[in-house]
Amino acid sequence: MTKKSRSRFISKHQDVLQLGAALLFLVVVGVYASLTGASTAGLTSSAVWLLIVAASVGAYMAMNIGANDVANNMGPAVGSGAMTMGWAIVVAAVFEALGAIVAGGDVVGTIKGGIIDPDGITDPALFAWVMFAALLASALWLNLATALGAPVSTTHSIIGAVMGAGIAAGGWGLVHWETIGAIVISWVVSPLMGGAMAAAFLYLIKRSVTYRSDKTEAASRVVPVLIAVMVWAYTTYMLLKGLGQVVKVDILVALLAGAAVSVVVWWLIRKPIARAAMRQHNSKDGVNRLFTWPLICSAALLSFAHGANDVANAIGPLAAIYEAVKEGAIATKAGTPLWIMVLGALGLSVGLALYGARLIRTVGKEITELDNMRAYSIAMSATLTVIVASQLGMPVSTTHISVGAVFGVGFLRELLKVNYAKMEAVVFAGHQGADRAEVEAYLHRFEAAEVSEKKRMLADMKRRTKQREAAETELGAVFAKKEQKAFKKAYKKEIVKRSAVMRIVAAWIVTVPASALLAAFLFYVVRAVLS
């Protein structure tokens, strides 16, 4: 057996084992739900069967959330090399489950974001089937998106599904269209906010550390501050989002608490980080190593917060179905039994353990090349953007923000690379006639120089050439026009993969309508079968 055929054989059997493990988990959930339904007084056999199927679909939804959304938290850390894929899956599985069980809250809203008016559906059985169709449709769409390697918003998926099933059951007037409009706006706002903030953080790090001639000395001063800022952001984030279902704190209290913790952390780490920085090589790689543990901690905390919040997308509709079949009533908020919370937590962990690697790889490696500093910028952008947006009442998606931040980092790198190429062209133009060794020596000094020194050197080159007035014109002197375009295009392809960007953005745009159409179709099928 050749190496290629052996690899194909292993991959095929791995797929079978993954599918078998997933099906086994769903069967176990169904069996447990049947025992729970049988022990609940007053449930008819049809209600028990509905509970069994709904619990299995809820577990299926939780698995898909784990498989798709885990990339937001772990993708940058894995892509930068701060964590291996195996450790990322283990850490994410543990902290997702902890977040869902510890901080998922005793009450989960079953009508996400006020998408439909629950008063428009008065029949509890009809309401249960609406929630069932929405849950199944959302899970199927997430499964498809994960298979295609597209990280999408699980919240938008369930929102679109609830909308579609609600329209099928009660008409167009049942939908709160102002909420849908806000979600559509967030498709544009979320990635732009995330991208802009991530690019700003990365540029700040470059100007304050990696563009310095003595990088280790600069890192010894700046990195403790950057880590303290991360602690401030994550403490605030955890109080507002990660523990939001357990404790309610005001934004000002959360900000002050985060600031207090960050000051303490800065005081404790400033000297150890400074000593560690001085032991590193005076290079970008040396600075990168200082961000490894902060990235690991941030990924774990993001997973905890994600488990606490997004588990509701799977167990919220399931809690509504359970309430409807158990009490024969419709509740806009349903108390969630512990077994449903545990189901959601296990589903998140099983899904990311079996299928999370693909999306982690997509976000971490297939869009643009990441290192620890870029991953830090992405993590900070995602955290701060969610805090700001939530306080402004904007229904943003953490997926859109995180992936938008990856885009922002990539496009900033692209811009800086092209600009640096222009500066190199000025240097080459100023050294026309010089031998190669002299040019390379000058370029080496230019690359190691401070930003202010680079500007002085460029001005000197421009005065020496007296042939061009701007860097763009100088670039044309070195490269022919067609070569210049090909040069820029090559950089863009190298740094940000356009095919990945287009695939992901297209999936974002169609998530709400696709899940809505699928939910409406499934509702009509269910009603036709039952009538």
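A cavity, on a 1 Å grid over the protein atoms alone, is a set of points where a 1.4 Å probe fits but cannot get out, and its lining residues have an atom within 4 Å of a point. The model shown here is predicted, so local features need pLDDT of at least 70 and side-chain atom pairs count only at pLDDT 80 or more, while totals for chains, interfaces and linings use all residues. Residues are numbered from 1 along each chain as its sequence is written, and side-chain values use heavy atoms, with hydrogens and water left out.

**View 1. The second largest cavity and its lining.** Let us start with L202, K206, T210, K284, D371, M373 and R374, which line the second largest cavity. About 40 Å³ of space lies inside; a volume is the space filled by probe spheres set on the points, which are joined across faces, edges and corners. Helix α6 (177–210) gives the largest share of this lining, three residues, and α13 supplies at least two. Helices here are DSSP runs (H or I, at least four residues), numbered from the N terminus. By class, the lining has two nonpolar, one polar and four charged residues. Ala, Val, Leu, Ile, Met, Phe, Trp, Tyr, Cys and Pro count as nonpolar, Asp, Glu, Lys and Arg as charged, and the others, Gly among them, as polar.

**View 2. The largest cavity.** Two cavities of 30 Å³ or more are counted in the model, and the largest has a volume of about 80 Å³. Its lining has 13 residues, of which N72, N73, P76, L302 and A379 are the closest to its centre. Two or more lining residues come from each of α2 (45–79), α10 (292–310) and α13 (372–391). Nine of the lining residues are nonpolar, four are polar and none is charged.

**View 3. Helix α10 passing α13.** The axes of these helices come within 10 Å and cross at roughly 35°. Axes are lines fitted to C-alpha atoms over the stretch in contact, and angles run from 0 to 180 degrees between N-to-C directions. On the α10 side, T292, L295, S298 and L302 make the contact (heavy atoms within 4.5 Å). Their partners in α13 are N372, A375, Y376, A379 and T383.

**View 4. Helix α4 against α19.** The axes of α4 (residues 124–147) and α19 (residues 498–530) come within 8 Å and cross at roughly 135°. That makes α4 oblique to α19, since angles under 35 degrees count as roughly parallel, over 145 as roughly antiparallel, 65 to 115 as roughly perpendicular and the rest as oblique. The contact residues comprise 19 nonpolar, two polar and no charged.

Definitions and conventions: On a 1 Å grid over the protein atoms alone, a cavity is a set of points where a 1.4 Å probe fits but cannot get out, and a pocket is an open set with protein on both sides within 12 Å along at least five of seven lines; lining residues have an atom within 4 Å of a point.
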